[in-house]
Amino acid sequence: MSGDGLAALTERYAIPDTVWFYVDAAGQPCMHIAHPHATARVCLIGAQVASFIPAGHQDALWSSGATSYDPKGMFRGGIPICWPWFGRGEVGAPFHGCARLLRWTVTSVDLSPDRTEL
């Protein structure tokens with residue numbers, strides 16, 4: 001995703017100090033959500049939840065700790081989208097399906113006292 005794409009998401013959906021978009025150290029487009037109950041990081045390639053930290057606790061999601069993604073933009077850990085299959089598909093097909101390789105985008109952000117909904 002180009003910087004222009006992130007700028008458009010920021011202009012339309014960012015909420016100061018609550019929801020913002022950025023490119024992480026591995027060059028992947030991400031969204032950060034800061035809510036009084038928790039913080040989260042979602043990778044926009046594959047819509048993978050990379051981090052979920054309940055307030056006052058450590059990250060609830062495991063990550064391999066690798067700072068780089070494979071050439072298709074995936075990393076080990078978090079909550080991946082596995083569709084249309086889990087694991088190995090047909091020979092030559094992507095592991096966990098094609099949805100985790102797609103560029104996802106935000107179409108709405110709704111902030112309430114109890115949750116942030118995307």
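Colleague: What should I know before I start?

Modeller: This is a predicted model, where local features need pLDDT of at least 70, side-chain atom pairs count only at pLDDT 80 or more, and totals for chains, interfaces and linings use all residues. Residues are numbered from 1 along each chain as its sequence is written, and side-chain values use heavy atoms, with hydrogens and water left out.

Colleague: How many bridges join S2 to S3?

Modeller: Six, and the two strands run antiparallel. Strands count as paired if DSSP finds at least two bridges between them. S2 covers residues 29–35 and S3 covers 38–43. A hairpin of two residues links S2 to S3. Met 31 has Val 42 in S3 as its bridge partner.

Colleague: And which way do S3 and S4 run?

Modeller: Antiparallel, with six bridges; S4 spans residues 48–54. Thr 39 stands opposite Ile 53 in S4. Four residues lie between the strands in this hairpin, and Gly 46 there takes a positive phi near 85 degrees.

Colleague: New topic. Which residues make up the largest nonpolar core?

Modeller: Ten residues in all, including Leu 6, Phe 21, Met 31, Val 42 and Val 106. H1, S1 and S2 each supply at least two of the core residues. H1 gives the largest share, three residues. A nonpolar core is a set of buried Ala, Val, Leu, Ile, Met, Phe, Trp, Tyr and Cys residues joined through side-chain atoms within 4.5 Å.

Colleague: What is Phe 21 in contact with?

Modeller: Leaving aside neighbours within four places in sequence, its contacts include Leu 6, Tyr 13, Met 31, Leu 44 and Val 106. Contact means heavy atoms within 4.5 Å.

Colleague: Last one. Where is Thr 18 found?

Modeller: In the loop between helix H1 (3–13) and strand S1 (19–23).

Colleague: Why does Thr 18 count as buried?

Modeller: Because its relative accessibility is 12%. Buried means under 20% relative accessible area, exposed over 50%, partly exposed in between (1.4 Å probe, protein chains only). Not counting residues up to four places away in sequence, Thr 18 touches His 32, Ile 33, Ala 34 and Leu 111.
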